[in-house]
Structures are given as structure tokens and as C-alpha cells.
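Please look over the briefing below with the sequence and the model at hand.

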Amino acid sequence: MKTLRLIAVAVLMGAAIPTAYGLAPVSRTSTSQYGMVAAAHPLAVEAGLRMMEKGGNAVDAAAAVAFAVGVAEPFGSGIGGDGIAMIYIASENKVDAFEYRCAAPMAATRNTYPESTRSEWTKGGKSFAVPGLIAGTCAFHEQYGQLSLAEVMQPAIDMAENGYAVGPALSKVISDSYDKIAANPEMVKMFLVDEFPPEVGQRLRNPMLAKTLRLIAENGPEIFYGGPIGEQFVAGTREQGSLITLDDLKAYKARRTEALSIDYRGMKIYAPTMPMGGIGVLLNLNLIERLPLDIAAGASSPQNLHLMAEAMKLGSRDRYAVSGDPMFTKIPTEWLLSDEYSDQRAKLVNPSRALTVAEIPVGPVDQGPGSTTHFTIMDAKGNAVSITQTLGGYFGVGVTAPGLGIVLNDQMKNFSPSASSPNALYPGKRMNSTQSPVIVTKDGQSILAMGSPGNYRITTTVTEVLVNILDFGLPLQEALDIPRISALYRDEILEVESGFSAETLAALAAKGHKVNKHGEMDMFFGGVHAVARDPKTGLLTGAADARRDGVSKGLAEPPKATATR
Amino acid sequence: MMIIVRITMAALVGAALCLPAAGVSEEAPAAAPAAAAETVKSFGGPALVTDIGQGNTGKLVEVMLRKSAAVEFTADPLAKADALAGVKTLVVGVGASTKGLGAAGLDSDQEMARGKELLAKAKELGIPVIGVHIGGEARRGEMSDSFNRMVCESSAVFIVWKGGDEDGFFKAICEEKKIRYEVVEAKPAAGAVLATLFGKAAASPAE
């Protein structure tokens with residue numbers, strides 16, 4: 001009953017979102033025949049739609065959203081961070097992946113980052129790695145976009161220059177991050193109003209960032225990766241103790257990689273390869289496909305939740321055991337995703353009780369906040385772009401590149417402390433990540449693209465929402481709205497969102513799960529933004545997560561110009 | 001028109017604990033009354049500012065008091081009962097944040113225990129409490145409200161931003177317990193109310 005109430009609340013929330021923060025009413029769910037964007041801020045969604053209206057394709061829209069959401073949702077991503085883009089090219093029935101994870105500076109060694117000073121890795125200049133977002137976004141845009149870089153960056157420049165409205169999620173995160181922000185005079189100017197966290201509807205500006213973005217738009221990414229902005233970046237951050245040099249920036253390149261994929265219930269699911277988290281989602285799904293889900297009982301039945309939790313635990317155990325930068329470590333991906341291995345692992349699941357920690361060996365994991373952002377775009381041709389991007393923790397550790405308006409990532413903490421780990425720190429190496437945007441195809445057409453922020457809950461949330469849609473057949477928005485769980489191999493704790501019935505929670509506890517209850521629509525469980533496509537009619541449906549300020553919106557009429565790619 | 005009642009310090013503390021807001025409308029306007037030329041020093045210093053729930057409201061109270069210079073104060077978001085020695089007023093920012101609790105190394109039970117002990121000691125020592133909730137809906141909900149209720153019920157005056165009391169939760173407690181209820185239209189305006197309580201005519205929030 002409580003679940004039904006929650007769904008009703010979510011449905012009402014999914015209807016028109018009020019103009020409480022000064023923007024025209026938009027919806028969490030919408031449909032369009034011509035193009036669709038789902039992202040964590042209405043202005044970012046509008047940025048993407050504007051590109052499609054001008055005749056750009058899904059990739060142009062994605063590039064616009066990438067820069068815009070970094071302005072309007074500054075705690076979750078930005079040009080001081082990194083990301084991963086999965087791109088489905090309809091005309092070629094092909095998925096391309098661009099990985100632009102942050103990279104350790106070449107001076108980052110076990111001498112300069114000794115284990116004994118690990119707490120220093122999360123402070124000041126030592127906390128951030130070489131940012132990849134500018135390189136990655138420009139790389140995929142150059143490969144597949146039609147509009148100019150200046151055109152796709154203009155919405156972000158306008159927002160940073162003229163201001164953007166603060167939504168509920170940003171207002172809350174700024175409140176939560178107040179200490180961090182108040183300690184940095186540049187961040188005080190960027191994110192506080194009269195030294196106070198902004199209220200919903202108030203506007204923030206970042207003119208320093210507008211200037212930086214404008215220079216990149218006019219000159220290309222090279223101005224950052226070795227040019228004058230890069231020089232200013234290096235000079236300003238080295239004063240804070242950073243080891244990043246101009247050569248590190250010059251050496252940084254986005255990687256174009258082959259996506260991982262599995263067959264799942266007659267569909268193909270694509271996810272990014274290492275160092276990103278895609279293997280985590282695919283491991284989970286391979287297990288779930290082999291477990292006796294009771295579809296009639298529904299996605300929130302205790303037995304189905306138990307089986308999914310056990311799959312998450314086993315899948316995460318394997319992911320953490322192998323996760324690292326493939327340029328530095330061999331990862332047995334093919335074996336891990338094989339039918340033979342999946343069959344073996346699925347046999348470990350006990351339908352009657354939760355596996356104990358002793359039954360799943362423990363390894364290190366980062367229990368950080370659920371920062372990061374995700375957005376999804378599809379255009380009328382069926383091209384799809386699914387991008388997750390991040391700074392790491394909310395606003396990183398509160399360090400900025402002086403004078404540039406850039407909030408820096410805090411990704412150096414995501415290297416393993418163990419020298420023998422595939423995720424150990426090495427000069428130039430990219431640390432592992434749970435970011436896992438996915439694209440689903442069937443019979444050679446895109447049918448779904450989605451992803452989520454949320455630290456290690458990214459892989460469990462993406463798994464759970466995929467199962468809600470593909471196995472339980474839930475409508476797209478409902479699949480996002482129903483309460484979530486998350487389980488990890490390292491303990492017997494089952495994180496649950498409010499909304500499950502008392503009977504369900506009791507049944508899970510009776511199986512040995514240590515239930516840890518979170519709030520309603522809790523950001524802990526991520527913020528999914530998804531677009532589905534009906535392969536018969538081409539109708540696009542967008543859905544956005546009420547756990548963030550997410551919205552989806554489609555083009556109401558055909559664009560004025562037509563994308564040629 | 002605001003009527004400000006002049007009462008001696010000892011009587012005011014008792015009155016604030018027992019009587020409804022004397023001469024001050026419950027729907028107090030956002031700014032301190034313009035007719036604050038005749039202010040009453042209701043609460044004294046030095047004050048101790050703390051946070052119960054670790055939702056950062058205590059930090060914002062510090063900002064407000066620093067800007068108004070209304071009272072000498074020390075701040076400790078994790079203050080314990082023994083920190084009350086020599087304190088004349090306890091100002092508590094309330095509202096829970098799981099992130100804040102985690103950063104402080106506390107779970108909600110531990111924070112609740114700390115809060116209870118602190119408020120009990122303040123009562124024992126006759127130190128009046130000013131409670132402040134300006135976190136809005138983000139600092140409401142099941143966990144937050146357990147802290148919110150505890151602090152509100154222990155307060156002599158409770159200042160709340162209207163966005164966090166749309167359901168009348170705090171107003172109902174204040175009415176029931178006869179606690180002075182001060183609601184503000186904008187969060188920074190809580191600073192003006194605080195300044196007035198400490199006997200200083202504060203600038204309007206716009207300045």
C-alpha cells in the first residue's frame with residue numbers, strides 16, 4: 001500500500017513540475033516523435049533540444065548538455081571532471097564509447113603519494129587528477145556532431161554568464177556542502193548568496209567559467225590541454241600543491257574504446273569497458289538472467305528483491321576484484337562475462353537466505369557520496385547518446401582552478417591503497433569508476449538508453465531499473481520511481497529506500513539481510529535519466545528521476561533543419 | 001504594529017519559557033521590526049552556538065551572528081554538555097543530514113544522545129535555548145523531525161524559515177508548549193530576529 005502511495009506521489013511529481021524555481025513547467029516524463037532529452041536540470045535539457053531544433057543530431061545535443069549541466073548542476077560534474085559517453089549510431093547499428101576518465105599526473109608515484117599520507121590525498125592540490133571532460137566531449141562531438149563547437153557550447157556560456165535558477169537538489173547539496181564552499185572564496189562567489197546557501201529559485205552566476213568556456217568554444221580544447229588556459233590552470237593549481245604539469249595536460253587524450261556487451265532476454269545491452277563500471281552492470285544482469293525471478297509477483301516482491309540483492313553482491317565482488325585501467329592491467333573481461341562463469345556464480349545464490357560476508361571475500365570500496373550526473377538523448381533517426389560525467393564527491397573537495405571558474409575533481413582518492421590491486425596508483429593511470437551508462441538494442445535498433453549517478457550505487461541502480469523495464473515490463477517512469485535497493489559484497493547490509501512495505505522488509509530481514517533504511521526518493525540511490533524508443537513507430541519516451549531535479553522533454557515538432565548524420 | 005514589551009532579564013527568561021510571544025505577532029515579518037529603536041535585551045552573552053543533526057544550520061547561525069555582531073559567541077557543532085560552563089544562551093541550529101552525520105563520525109542515535117544531554121544540561125543550568133530551523137524541506141522528514149521536535153520543545157524561542165514549516169509542524173509544537181514562534185520569510189532574516197533577541201537592532205536582510 002505504501003508502495004502504491006509512493007508511486008502515486010511520484011506520478012504526481014512526474015506530472016508538471018511547478019514553476020517553483022522560476023522556469024516554465026516541464027515534466028519528468030514526456031514523448032516525442034522528433035527528439036528527446038532527459039537530464040538533471042531543465043536548462044540543460046533545453047540546451048540539448050535547441051541543438052536538435054537547429055538541425056543538430058543527438059551527439060550535438062549531448063555535447064550541449066554536457067557543458068550545460070556542468071554549469072547548472074555544478075556539484076555533479078563540470079569541466080574540472082571526467083565522464084564516459086556511449087553513442088549508438090543508427091545508420092551503422094554500432095555502439096561507440098568515448099572514455100575520458102581523469103588521469104593521475106606523471107609525478108604521482110608512491111613517493112609523492114605515500115600510503116602513510118592517504119588522508120592528504122583528499123585535500124587541496126593533491127586531491128585532483130588531470131580532468132578529461134573537455135577532451136572527451138570535444139572528441140565525441142568532433143567525431144559525430146554536425147554543429148560547430150561554438151554552437152553547442154553557447155547555452156552553457158549563456159547560463160554561466162547570465163545566471164541559472166537553483167533547483168531543490170542543488171539548494172540541498174549546497175547546504176550540505178556549506179563548510180566546503182565557505183572555505184573557498186571563489187566558491188563563495190559562485191555558489192552562495194549573501195554568504196547563505198541559495199534558496200530554490202534564486203539565481204547563481206559564474207562569469208569566470210563563462211569566460212573560460214568562451215575561450216574553449218572559440219579556440220578548441222587545445223587551449224586547455226597545453227594552451228594559455230592550461231598554463232593558467234597549472235600555475236594556479238600548483239600553488240595549491242598540485243603535481244599536474246603542462247605536459248600532463250598536453251599528454252591527455254580521450255580514449256575511443258569498444259563497448260562491452262551481453263545478450264539479455266533477446267536484446268543486446270552495451271556498457272562501457274574499464275576503467276568504467278559497465279562490467280558491474282553486465283555481471284549483475286548475467287546472474288539475474290539465471291535466477292528464478294517471479295515476474296507475476298512484481299519488482300518489489302521480497303523474493304525478487306532478495307535475488308537481485310544476491311546478484312548485486314556477487315557481481316560487485318567480481319567487479320572490484322578486477323577493476324582498473326586496461327592500459328595498465330589485464331582484465332579477464334571475456335571470461336567474466338562468459339556463460340560458463342555466469343553459470344558457476346549463479347549457483348552460489350541461495351533463494352532462501354542472504355550470502356554472508358564469509359561466503360563472499362571482502363575487498364576495498366569507496367563509500368562516498370552519490371555525486372555525478374547522467375543524461376540521455378535520442379533523436380528522430382534513432383541515434384542515442386548516454387553519458388555519465390562526474391567530479392567525484394559533491395564539488396570535489398572544494399578546490400577551484402583560480403580565476404577560471406572551474407571546480408576540480410577529487411578523483412585521486414579513487415585509486416586503491418593496495419599496491420597489488422589492479423587499481424593501484426601509477427603515473428598517468430586512470431582510476432577505476434562505477435560510471436556505467438548503457439544502451440539497449442533489439443533487432444538492430446536502439447530501444448533504450450539510460451544511466452545514473454550515485455557512487456557504487458550506479459551499478460546496482462542501473463541494474464535494478466533495467467530489470468524493472470526489461471523483465472517486469474514497467475512503464476519507463478514507473479521503473480524509475482519505485483523504491484530501490486542496493487547491496488555490495490563487503491557486508492550483509494541491504495540498503496533500501498523508503499516505500500517498501502513493512503512485510504517486505506521483514507521478509508528480507510528473515511532471509512538474513514541487514515536492512516538499512518533510507519529516506520523517500522533518496523539521492524543515495526542515484527538519479528536515472530532514460531529515453532526509450534518504440535522500434536515500430538519511432539516514438540521516443542523520456543523519463544527523469546525525482547531524486548534529482550531531473551526532467552525530460554521532447555521536440556514538439558520536426559526540427560527546422562534536418563541532421564544529415 | 002509591533003509592540004515590544006520591556007521585561008527584566010530574569011523575568012523575560014521565565015516569560016519566554018512560559019508565555020506566548022508577548023507583544024510579538026506569531027506571524028512575525030521577515031525583518032526585525034523597524035520600530036526596533038526600543039529593543040529589549042532578551043538573551044545574553046556569551047552564547048554557545050551548536051548544531052543538532054549536523055545539517056549545517058549551526059554554521060549559518062554563526063554567519064548570522066558574526067554579521068550582526070549582536071553577541072559574543074563561541075561555536076562548536078559537536079558541543080557536549082560540559083561546554084555550557086559560563087554560557088548565557090545556547091543557540092541550536094537543527095536539521096539532520098546523513099552526510100553531515102557521516103562526516104562527523106556519528107550515527108543518528110549518537111547525535112540524538114548528544115543533543116538530549118546538552119539540552120538537559122542547559123535546562124538544569126537555567127540557560128535559555130534559541131532553536132533555529134532554516135533548512136527548509138531538506139531538513140524535514142522522519143529522521144530530521146526527531147531532532148527538530150527535541151530542539152523545538154526545549155527552546156525558549158524557535159526561529160523557523162516558513163519553507164520548512166508549511167505543514168505547521170513547528171507552529172503546533174510551539175503553540176502546545178507555549179514557545180515563542182518566530183517565522184521568517186527569507187532565511188537570512190533569521191539573523192535579524194537573532195540580533196533582536198540579543199538586544200541589537202539589526203539591519204534589514206537586504207543590506
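This is a predicted model: local features need pLDDT of at least 70, side-chain atom pairs count only at pLDDT 80 or more; totals for chains, interfaces and linings use all residues.

Residues are numbered from 1 along each chain as its sequence is written, and chains are lettered from A and ligands numbered from 1 in the order in which they are written. Chain A is assigned domain 1 (2-255 + 374-428) and domain 2 (258-367 + 453-525), with bounds that come from an automatic or database domain assignment.

**Domains of chain A**

- The C-alpha centres of domain 1 and domain 2 of chain A lie 27 Å apart, and their contact takes 27 residues from domain 1 and 28 residues from domain 2, where two residues are in contact if their C-beta atoms, placed from the backbone, lie within 7 Å.
- On the side of domain 1 of chain A that touches domain 2, at least two residues each come from α1 (2-14), β5 (82-89), β6 (94-100) and β13 (384-390) of chain A; helices (H or I, at least four residues) and strands (E, at least two) are DSSP runs, numbered from the N terminus.
- The largest share of that side, six residues, is supplied by α1(A).
- That side of domain 1 of chain A divides into 11 nonpolar, 11 polar and five charged residues, with Ala, Val, Leu, Ile, Met, Phe, Trp, Tyr, Cys and Pro counted as nonpolar, Asp, Glu, Lys and Arg as charged, and the others, Gly among them, as polar.

**Nonpolar cores**

- The largest nonpolar core has 170 residues, and those with the most contacts inside it include A:Ala44, A:Val65 and A:Ala530; such a core is a set of buried Ala, Val, Leu, Ile, Met, Phe, Trp, Tyr and Cys residues joined through C-beta atoms within 7 Å.
- Helix α3 (residues 58-72) of chain A gives the largest share of this core, 13 residues.
- Both domain 1 and domain 2 of chain A give residues to this core, so it lies between them.
- Apart from it lies another core, of 53 residues, among them B:Leu118 and B:Val157.

**Contact between chains A and B**

- The contact takes 12 residues from chain B and 11 residues from chain A.
- On the side of chain B that touches chain A, α2 (57-68) and α3 (98-104) of chain B each supply at least two residues, and α2(B) gives the most, with three residues.
- Helix α6 (residues 168-176) of chain A has eight of its nine residues buried, and what covers these buried residues includes α7 (178-182) and α8 (185-191) of chain A together with α3 of chain B.
- A residue is buried if 20 or more other C-beta atoms, placed from the backbone, lie within 10 Å of its own, exposed if 12 or fewer, and partly exposed in between.

**Backbone details**

- The peptide bond from A:Met274 to A:Pro275 is cis, with omega near 10°, and A:Pro275 sits in the loop between β11 (267-271) and α12 (278-289) of chain A.
- A cis peptide bond also joins B:Gly45 and B:Pro46, with omega about 5°.
- B:Asn56, which is not a glycine, has a positive phi of about 75°, and B:Asn56 counts as buried because it has 25 C-beta neighbours inside 10 Å.
- B:Lys178 has a positive phi near 60°, and B:Lys178 counts as partly exposed because it has 13 C-beta neighbours inside 10 Å.
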